[in-house]
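Trainee: I have a new model open and would like to go through it with you. Can we start with whatever you think is worth a look?
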Amino acid sequence: MEEHQKKQNPDLTVQFAGHTFKNPITVASGTFGSGIEYSRFVDLNMLGAITTKGVSDKPWEGNPTPRVTETPSGMMNAIGLQNPGIDVFIERDLKFLEAYDVPVIVNICGHSTEEYEAVVERLADDDRVTMLEINVSCPNVKQGAIQFGTNPDMLTEVTGRCKAKAKDKPVIMKLTPNVTSIAEMAKAAEAGGADGISLINTLTAMKIDIYKREFVLANKTGGLSGPAIHPVAVRMVYEASHAVNIPVIGMGGVASAEDAIEMMMAGATMVAVGMMNFTEPDITIRIIEGIKAYMADTGTERISDIIGML
Amino acid sequence: MDAEMIKRKATIINKAQLAPDIYRMSFETDLCKEAKPGQFVMVYPPDGAKLLGRPVCIATADEEKLDIVFRVIGKGTKEIAACNAGDVLFIEGPLGNGYPMGEDTVRDKSLVLLGGGLGAPSLLFLAKKLAEKDSQYRAYKSITAILGYRDRSLNHFLAEDFEKLGIKTIIATDDGSEGIHGNVIDAVKSKEIKADIICACGPMPMLSAVKKYAAENKAEAYISLEERMACGVGVCLGCVTKTVNKDLHSHVNNARVCTEGPVFNAIDVDI
């Protein structure tokens, strides 16, 4: 009887930076807005957490169009972090999320350390926010962002500066795969006091229209995401998680429960679903159901048991 | 949750090739009842290797079916075009705002529909609604459709559908091989057509010309824009267009074509 109950009610909870999450599934920043649009398709309360689109201290216009294009088993984007800025985010987006019982991870972007700090300060005392994710890895912004994420010393520095302003809020550094050694960058974030890391952001890519003889994206380069990058992401989650003692949110082309489980076995405590939200708006819910089915099939009582098992 | 908007299966009940690379497809789907002129659907290529939907405007919809007309421009649309009656595709929608249907404001006004190339389908749905017996839009003093094509090889596709609705329809071709020689604006000028209100859909240079013409002639113009999209529902911010005023989402003069559009008042966009 007890065995049966365990199989019926598998334990999906995970611990991350001192918080307990009801399941390991969240969304990748920028693929879900603040949940306002997708709340028509998805019961947000089912998610382990919602990770909001990057927000800066002032509104950002983003890049010219075309900003997106499909690629084999994935897509490229060069949105350029268009966002309304922290004032509107607090008044509108966090207000909207008050109605839901879901932890909120706010992704923060900036052109300079001061800009990151300004946003962190605004959210440090906000009870509606569970964790902060610092985007030091967007490939589509000319200044800041990825520069902080590709230089270990700068990464340690910006991590420490954000931590100093974050008070009790855990700070997660979101890392770029566009580096020689992801393990080195993970260690740099840990050295700066990060409570966790998330990876991978998109891979810098390029696509050319051979008939128009021009770049497909107005920005020339864009970030590659989707199932095409999933094996790269699994490898990097494995390398990064084995290099540090802080937990990892794994992301990169997760399209199924199997992909999410694979990411956790590689070392991720939580898993974010990104581009595939565009293809299947309710994919997160089906991934959570799929994880439960996998646990029942394999006799896995606690999902946390598989984290970093390889 | 808004269940009717979620991606769902739709059965193809008819497919016809209208011109080289241009197809009309009819779907059996519940979406037909909610669709409004100017809205679009995301159509997902069937084999699953391509992940994003293809945004396609709704060419007509009634109580039983929804039609799209599209051109094969890449591998995804090629896959969709290869499907036949009986095949099932995933579609999502109806999405976007649609053409405004001003009630009292249209009385005694002349309406001109300007369709360039693949712009004609979204206007056909509008024309159909305008022509319906109980339509409040019958208050228009006159309705004229002007359809522009590259050349005669496009078989002035859909022109007969406009004519069948009792709407005066003028054809123009870029090379003069059929109808008026020139674009849709050339046709408005050469035929001296009065336009108080313009609804237009077509390539961006044409829509820029419509905006300019409307400004010069004190006409209201509603233009339907096209942009590359990923999500189609306002999340990804891939499909923005420059706007004169602050946009609703980001307050940075970059409105989402999928959500605040695809139809904009021409004076509101900076194209």
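Predicted model: local features only at pLDDT ≥ 70, side-chain atom pairs only at ≥ 80, totals over all residues.

Trainee: How many bridges join strand 1 of chain B to strand 2 of chain B?

Mentor: Seven, and the two strands run antiparallel. Strand 2 of chain B covers residues 22–28.

Trainee: Which residue in strand 2 of chain B stands opposite Q17(B)? And which one stands opposite K15(B)?

Mentor: Q17(B) stands opposite Y23(B). K15(B) stands opposite M25(B).

Trainee: What about strand 1 and strand 6 of chain B, how many bridges there?

Mentor: Four bridges join strand 1, residues 8–19, to strand 6, residues 88–95, and this pair is antiparallel too. One pairing to look at is A10(B), whose bridge partner in strand 6 of chain B is L89(B).

Trainee: What do the six strands of chain B close into?

Mentor: They close into a barrel, with antiparallel pairing and the order 1-2-5-4-3-6. Neighbouring strands of this sheet are turned by 45° against each other on average, direction ignored.

Trainee: Which strands of chain B does helix 2 lie across?

Mentor: Helix 2 of chain B, residues 120–131, lies across strand 2, strand 4 and strand 5 of that chain. The helix runs at about 30° to strand 4 of chain B.

Trainee: How is chain B divided into domains?

Mentor: Domain 1 is 3–95, domain 2 is 107–223 and domain 3 is 225–271. The centres of domain 2 and domain 3 of chain B, taken over C-alpha atoms, are separated by 23 Å. Their contact takes seven residues from domain 2 of chain B and nine residues from domain 3 of chain B.

Trainee: Switching to chain A. What is the strand order in the open sheet of four strands?

Mentor: The order is 5-6-14-11 in chain A, and the pairing is antiparallel. Strand 5 (68–71) and strand 11 (203–206) of chain A are the edge strands, each pairing on one side only. On average, neighbouring strands of this sheet are turned by 40° against each other, direction ignored.

Trainee: And how many bridges join strand 5 of chain A to strand 6 of chain A?

Mentor: Four. V68(A) has N77(A) as its bridge partner in strand 6 of chain A.

Trainee: How many cavities of 30 Å³ or more does the count come to?

Mentor: One. The volume of the largest cavity is about 450 Å³. Of the 30 residues that line the largest cavity, the closest to its centre are S29(A), T31(A), N77(A), N201(A) and T202(A). Strand 4 (50–55) and strand 6 (74–77) of chain A each supply at least two residues of the lining.

Trainee: What is the lining like by class?

Mentor: Twelve nonpolar, 16 polar and two charged residues.

Key: Residues numbered from 1 in each chain as written. Chains lettered and ligands numbered in written order. Heavy atoms only, no water. Pairing = 2+ DSSP bridges. 1 Å grid on protein atoms, 1.4 Å probe; cavity = no way out; pocket = protein on both sides within 12 Å on 5 of 7 lines; lining within 4 Å. Points joined across faces, edges and corners; volume = space filled by probe spheres on them. Nonpolar A, V, L, I, M, F, W, Y, C, P; charged D, E, K, R; others polar. Axes fitted to C-alpha atoms, helices over the stretch in contact; angles between N-to-C directions. Domains from an automatic or database assignment. Contact = heavy atoms within 4.5 Å.
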